[in-house]
Amino acid sequence: MASAAEQLASNLNFSTFAKAEDLKKRLWFTLGALLVYRLGTYIPLPGLNPDAFAQAFRGQSGGILGLFNMFSGGAVERMAIFALGIMPYISASIIVQLMTSVVPSLEQLKKEGEQGRKIINQYTRYGTVLLGTLQAYGIAVGLESGAGLVNDPGWFFRLSTVISLLGGTMFLMWLGEQITSRGIGNGISLIIFAGIVAALPSALAGTLELSRTGALSIGVVIAVVVMAVGVIALIVFVERAQRRLLIQYPKRQVGNRMFQGDTSHLPLKLNTSGVIPAIFASSLLLLPATLAGFSNTAELPSWATMVIAALGHGQPLYMLFYAGMIAFFAFFYTAIVFNPKDTADNLKKHGGFIPGIRPGERTAEYIDYVLTRITVVGALYLVFVCILPEILIAQTGVPFYLGGTSLLIVVSVTLDTVAQIQGHLIAQQYEGLIKKSKLRGGKRGR
């Protein structure tokens, strides 16, 4: 079956795509939904002074606001109705995932299949509303505290801001679900992907302008391009890499016949935690600089000023903490999303076992042993991909836009979307082969 699927995948061509009407409808729907998202990032909040806010944002673009602005496709910089983006939903999803490992009732729901997943998704939506409301109100209060940012401060502005920002987040959550069900790829990931890629042309134009004016040499630009291609190739390789554990199933007897036991594989991804460790580490490290930017620097103690300066981009202490936090969250999040004991119990329930390992607790220990060691490699890979752009920025001053977190997201989402497109094309070819076989069978019957 696997060899047949691989043969079909190798035979995919433009004619196959041209005949896939359902796939083309899904692609057009996805592009239309992303276009709606991009238009929403240009609709400003009511009652805001755009020029004053743009000037205030430029002073904070190096902090956590710059990170959120990248994820939101520039909506934070313009303080649009999509300024919160999809981040409250992602935060709520992570919180619910963490709670499923702590709260027994949620853990039981997780094991109940599709019905339990629907209930957990509903809890995630409630959490999104709560987090979105709190964040929107905090933004409204923060905007009022700025000089000249709000035309008419007061409760009406706060209420309209909360409704606008929360409504934008809930609309994006709904839009992401529609893309997932009626389009191609994971809708939430594609929305973040579109926000990051939207700023890529201007970033490339800015880099080329620096090269034209002589601020950057041609050699440095070429080296950056070569390095970016190399990092992308590394991400593709590692994100597709797996450690496959051989699973065997015992022989079974049906009537008087003895059937040979089947074999399969348990795939363990090299980077099980995905991009979450980089997002967590970036957010926590940029938080002190952001808070300091909103306060009066002259009123801060001398030790606080020194710490904030040491945690700036390109500083050794920043890189050390960044690498350490990425490695920590890689192990922490892997332990949350993958439970070796549950996997071992499922294998035992279906009669599967790892050759040479006793089913049950010993299997769980072995899976955990293997997972821990490949997570070490995955954590080192994440640290390398995220630290390399920081070193490049510190040493050469190149505004390396697609670095670290953003590069991981772009490549991972691209791989996932291409895989889904190939899956639809393979299904199209299977349907064509089935129709041909039925037609041949009908002609022979005549």
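Author: Here is a quick tour of the rings, then a helix contact. This is a predicted model, where local features need pLDDT of at least 70, side-chain atom pairs count only at pLDDT 80 or more, and totals for chains, interfaces and linings use all residues. Residues are numbered from 1 along each chain as its sequence is written, and side-chain values use heavy atoms, with hydrogens and water left out.

Reader: OK, how many aromatic pairs are there?

Author: The count is 7 aromatic pairs. Rings of Phe, Tyr and Trp (its six-membered ring) pair if their centres lie within 6.5 Å; planes under 30 degrees apart are stacked, over 60 edge-to-face, and the rest tilted.

Reader: Why is the pair of Tyr 137 and Trp 155 stacked?

Author: Their planes are at 25°, so the pair counts as stacked, and the ring centres are 6.1 Å apart. Tyr 137 sits in helix H9 (residues 114-145) and Trp 155 in helix H10 (residues 155-182), so the pair links distant parts of the chain, 18 residues apart. Helices here are DSSP runs (H or I, at least four residues), numbered from the N terminus.

Reader: Is Trp 155 buried or exposed?

Author: Trp 155 is exposed, at 61% relative accessibility, while Tyr 137 is partly exposed at 34%. Buried means under 20% relative accessible area, exposed over 50%, and partly exposed in between (1.4 Å probe, protein chains only).

Reader: What sits over the ring of Trp 155?

Author: The charged end of Arg 158, 4.7 Å from the ring centre. Arg 78 likewise lies over the face of Tyr 42, 3.9 Å from the centre. For this, NZ of Lys or CZ of Arg must be within 6 Å of the ring centre and within 35 degrees of the ring normal.

Reader: Switching topic: at what angle do H3 and H10 pack?

Author: Helix H3 (residues 21-40) and H10 pack at about 170°, with axes 9 Å apart. Axes are lines fitted to C-alpha atoms, for helices over the stretch in contact, and angles run from 0 to 180 degrees between N-to-C directions. That makes H3 roughly antiparallel to H10 (over 145 degrees).

Reader: Which residues make the contact?

Author: Among them are Phe 29, Ala 33 and Tyr 37 of H3, and Phe 171, Leu 175 and Gln 178 of H10. Contact means heavy atoms within 4.5 Å.

Reader: And Gln 178, buried or exposed?

Author: Gln 178 is buried, with a relative accessible area of 17%. Leaving out residues up to four places away in sequence, Gln 178 touches Phe 29 and Gly 183.

Conventions. Helix = DSSP H or I, 4+ residues; strand = E, 2+ residues; numbered from the N terminus. Parallel < 35°, antiparallel > 145°, perpendicular 65-115°, else oblique.
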